[in-house]
Amino acid sequence: MADRTAVVTGASSGIGEATARALAAQGYRVICAARRAERIEALAAEIGGVAVRCDVTDAADVARLAERVGDRLDLLVNNAGGAFGQNPVSDAEIDAWQRMYDVNVLGAARVTRALLPALDAAAGTVIFVTSTAAEAPYEGGAGYCGVKSAERALAGSLRLELFDRPVRVCEISPGMVHTPEFSLTRFGGDQARADAVYAGVPGPLVADDIADAISWMATRPAHVNIDRMVIRPRAQAANHKVFRVSE
């Protein structure tokens, strides 16, 4: 795969950073795309990749990313996203919901549309990183569940639209993944609330678990399409049913 190129959005931390490392280990030339330039520049230097500062909500940034990619692209990992807040509908922060939609759904759509010609030319693969939030709603999750369900619809529609083209469309739906920033961002920097999400959970997933699965999906034979993979820690039977060890 020495001549294969991958783009990973949201590569500055968490699942995106781990995925960039995993794909580089598989021989991909990885274009690391994210808003935080210093982080992706350090990552790209470490893995022999390329850093492209890109805010997926900015059309000009996405256009520059597409220009840097060029005419052929073997793999796109639409990972940029996130959750903001966990308020009930009665106390919904509409601005936060809008931000989530802009990043998770419109961002993924914007990047996919821009890079689709290059993916088509290379008979490539696009992987959407959604969430088990798209599997079922939960209290306080209307905003995030909604946007991840919409991103799932984006992946599903694209697969149908490309049925006669040599582009694979895959989705990975992670459950509870303990990364340094996801819950901290969701709760506006409240470390205690972020820590409480994982408190007592034996063996939550980590970013490397998801990166390993993404790498496996991307490297299947060309005729094999992994439509959707749901991946949770053993302790999480469902979003609302998590085993915790009592202190």
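Student: Which residues of H4 meet H5 in this predicted model?

Tutor: On the H4 side they are Trp-97, Met-100, Tyr-101, Asn-104, Val-105, Ala-108, Ala-109, Thr-112 and Leu-116. Their counterparts in H5 are Ala-142, Gly-143, Tyr-144, Val-147, Lys-148, Ala-150, Glu-151, Leu-154 and Leu-158. By class, this contact has 13 nonpolar, 3 polar and 2 charged residues.

Student: What makes H4 and H5 roughly parallel to each other?

Tutor: Helix H4, residues 94–121, packs against helix H5, residues 142–161, at an angle of about 15°. Angles under 35 degrees count as roughly parallel, and H4 and H5 are therefore placed in that class. Their axes are 8 Å apart, and H4 passes H5 in a right-handed crossing.

Student: How is Tyr-101 in helix H4 classed by its relative accessible area, and why?

Tutor: The value for Tyr-101, a residue of helix H4, is 34%. Buried requires a value under 20% and exposed a value over 50%, with partly exposed in between; Tyr-101 is therefore partly exposed.

Student: Which residues is Tyr-101 in contact with, leaving aside neighbours within four places in sequence?

Tutor: Tyr-101 is in contact with Leu-106, Val-147 and Ala-150. As for Tyr-101 and Ala-121, these residues are 20 apart along the chain, and their C-alpha atoms are separated by 29 Å.

Student: How do you know which orientation class describes H3 and H4?

Tutor: The axes of helix H3, residues 59–69, and H4 cross at roughly 20° and come within 10 Å. Since angles under 35 degrees count as roughly parallel, H3 is roughly parallel to H4. The crossing of H3 and H4 is right-handed.

Student: Which residues make the contact of H3 with H4, and how do they divide by class?

Tutor: H3 contributes Ala-59, Val-62, Leu-65, Ala-66 and Val-69, while H4 contributes Arg-110, Val-111, Ala-114, Leu-115 and Ala-118. They divide into 9 nonpolar, no polar and 1 charged. Arg counts as charged, so Arg-110 of H4 is the charged residue of this contact.

Key:
Residues numbered from 1 in each chain as written. Predicted model: local features only at pLDDT ≥ 70, side-chain atom pairs only at ≥ 80, totals over all residues. Heavy atoms only, no water. Axes fitted to C-alpha atoms, helices over the stretch in contact; angles between N-to-C directions. Helix = DSSP H or I, 4+ residues; strand = E, 2+ residues; numbered from the N terminus. Parallel < 35°, antiparallel > 145°, perpendicular 65-115°, else oblique. Left-handed = near helix turned anticlockwise from the far one by under 90°. Contact = heavy atoms within 4.5 Å. Buried < 20%, exposed > 50% of the residue type's maximum accessible area, 1.4 Å probe, protein only.
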